2 protein chains.
Amino acid sequence: MRVRLEDVARAAGVSPKTVSRVLNEEANVRQLTREKVRAAMAAMDYRPHPSARSLASNRSFMVATLYDNPSSNYLSEIQTGVLDACDLHHYSMMVRPLLVNAEDFVERVAMLISHHRPDGLLLTPPITDHQGLLKWLGDNGVPYASVSPIARHRTIGVTMDEPRAAREMMEHLLGLGHRRIAHVIGHPAHGASGWRLAGYRESLEKAGIPYNPSLVVEGDFSFGSGVTAARKLFSLSELPTAVFAANDDMAAGVIWAAGDNGLAVPGDVSVCGFDDTPISRQIWPALTTIRQPSREMGRIACLQLLDVLRGRGEGELVQVPFTLKVRESTGPRRQGQARARQRRSGD
Amino acid sequence: MRVRLEDVARAAGVSPKTVSRVLNEEANVRQLTREKVRAAMAAMDYRPHPSARSLASNRSFMVATLYDNPSSNYLSEIQTGVLDACDLHHYSMMVRPLLVNAEDFVERVAMLISHHRPDGLLLTPPITDHQGLLKWLGDNGVPYASVSPIARHRTIGVTMDEPRAAREMMEHLLGLGHRRIAHVIGHPAHGASGWRLAGYRESLEKAGIPYNPSLVVEGDFSFGSGVTAARKLFSLSELPTAVFAANDDMAAGVIWAAGDNGLAVPGDVSVCGFDDTPISRQIWPALTTIRQPSREMGRIACLQLLDVLRGRGEGELVQVPFTLKVRESTGPRRQGQARARQRRSGD
DNA sequence: ACGCAAATTGACAGCGCTGTCAATGGCTGC
DNA sequence: GCAGCCATTGACAGCGCTGTCAATTTGCGT
């Protein structure tokens, strides 16, 4: 049979309850006692039985990460970060893919909770901003932390200063001499889309360039939507000299469409993305983009949640720094005006 | 307070133990009784308490998915499939990234097990073939199922007929008239690399084309290694007219390098990959590749494991079908010989 | 040295379920 | 109709831990 708490107690010459106190890092245990117990635990290689702990304390020591996001790279980074934080405090994590637009979305989350009883939830975009869910969680007292939520009021988790990142990207383009800069908006349900657009507009304004609605087209964060958006842009009578796409996948789509239209990148048109996902280095030319520390963000969001769950405070909304990664897809504005050709076929 | 098993028992007019029997689908409960209990459960919306079940039965109703794989797309598919299967039988899943080459790899798995006590493990490549781990799991009686293991003897889980898929890809290239076909091998620790190479060689042999070692270069499944491999191939005095890369990322690297060397794809050289990951549609030209039903494979592997855990049999090694996806990156062999130029710069 | 509050420790009864084993009921063959 | 046997059901004692609350010890002021 494996070592139980009772065995540790006997070895340390204290009561089981005291061992339990040490295990749970409770206050009001004398330093000397604490050390004795810790030593006994280590010597016997004691591992508390999670189910027994859960049953007695009515907590599961588990958090659930909820997602509805097509970007597996982003998610796996977040997930890894969350696991980092969980390991730190001996929590476990479950993951749950959901359809945020499903009729029974909130109900499904409710079922998840009643089945698996996580102590708290980690929400990722776009679930972070599903009002129905947030209300339900509030009403039912379910603790949660968010990664990059739109609404920052009374929310704990992690965010990045997205508008500032977008402005920094715009400054890079403006610095290269670009004035006719297009923007491909992301999926409307994601807060990131709005912030990045806001940064784009603010930078234009600051640079004294009038906002031109025909240079701003909607996408949905997918490669295909980038292609579609770019086709619109490249069919304008006066082409943009730079395209700022709200994420890397769409930027890749823009580059694809540029090639398809006989436009060289960055010769004829500069293209940049956002997120620094692997695709940014897997295409040619490699994408200029903004690096988001996703794993770190997952970790921090989870730590905020765990602070709450462990009764270590209220948790807060932490803001993390970003990095502009300048690669080959952006370059100086070139003098003559480029012309798009119809569509290139087989070559 | 929530509904407990005892409440259901009272409502159904039976003993708690009988409700437990129905809950666990045990034999030797009269049909009528079973129905009464089921009705009461449904009426009261009863959810068994996982920790209580675990504590009493000494099972966790949880499986752990172990991975050390850089491809988040592949993994997230597998993970989703595993979750599908878990949901079906009310199991939960935890995920664990690991470094298969770490000194303490097996020890870490042992710690994972003693901490979280999963009932079984799901192994993904390349962990599926870590002999040290497999031995340890065997010695300690830990049930596991594998996704695409190399060794198929006495292993349960799921595989695909990879050599046959590779042969089918080769037949596609041969059918397009290619004779000088190169192969970029995958990471040596993955069984897939060997199988795909084997299929390549078998097809050449069958077509009566001698094996040319200079056309076979090693990669490691990464984009960068595809670029490096392609540079070697494109520096040969006689270029290959087609390159069969062992996965999509490397194929994308080959296409990148082709562009970099002034070679048109598929005009000068056809390129194909394997796995049908999103990148295959995110590059231009879109990749001809082999689609592996990863999600389904995750689901099936997990179902085999659950069969064992639930005492429903021994589990087996299931083989799933693949699909050849012909896209734009492969085309007929062209007559004249292409010449690579040194390296293209800014354009 | 003494009294008192605060800090520390322990006794005990579950948490909600299942394993074990005994008790009951129903059915068989003669 | 009855012994014998299997199918079905239930009683009960935990599984390994923590919450509650009471008992004990410690520290401090005077």
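**Close-up views of the predicted model**

**View 1. Residues around DNA strand D in the predicted model.** Of the 26 residues around DNA strand D, those that come nearest are Arg4(A), Leu5(A), Ser20(A), Ala56(A) and Ser15(B). Helix 4 of chain A gives the most, with five residues. By class, the residues of this surface comprise 12 nonpolar, eight polar and six charged.

**View 2. Packing of helix 1 of chain A with helix 2 of chain A.** The axes of the two helices lie 8 Å apart and meet at an angle of about 105°. Because angles from 65 to 115 degrees count as roughly perpendicular, helix 1 and helix 2 of chain A are described as roughly perpendicular to each other. Helix 1 of chain A makes the contact through Leu5(A), Glu6(A), Val8(A), Ala9(A) and Ala12(A). From helix 2 of chain A, the contact residues are Pro16(A), Thr18(A), Val19(A) and Ser20(A). The contact has six nonpolar, two polar and one charged residues.

**View 3. Relation between chain A and chain B.** Ser51(A) has the C-alpha nearest the axis in chain A, at 2.3 Å from it. Both copies use the same surface, and 97% of the contact residues of chain A recur in chain B.

Conventions. Residues numbered from 1 in each chain as written. Chains lettered and ligands numbered in written order. Predicted model: local features only at pLDDT ≥ 70, side-chain atom pairs only at ≥ 80, totals over all residues. Near = placed C-beta within 6 Å. Helix = DSSP H or I, 4+ residues; strand = E, 2+ residues; numbered from the N terminus. Nonpolar A, V, L, I, M, F, W, Y, C, P; charged D, E, K, R; others polar. Axes fitted to C-alpha atoms, helices over the stretch in contact; angles between N-to-C directions. Parallel < 35°, antiparallel > 145°, perpendicular 65-115°, else oblique. Contact = placed C-beta atoms within 7 Å. Least-squares fit on C-alpha atoms with pLDDT ≥ 70 in both.
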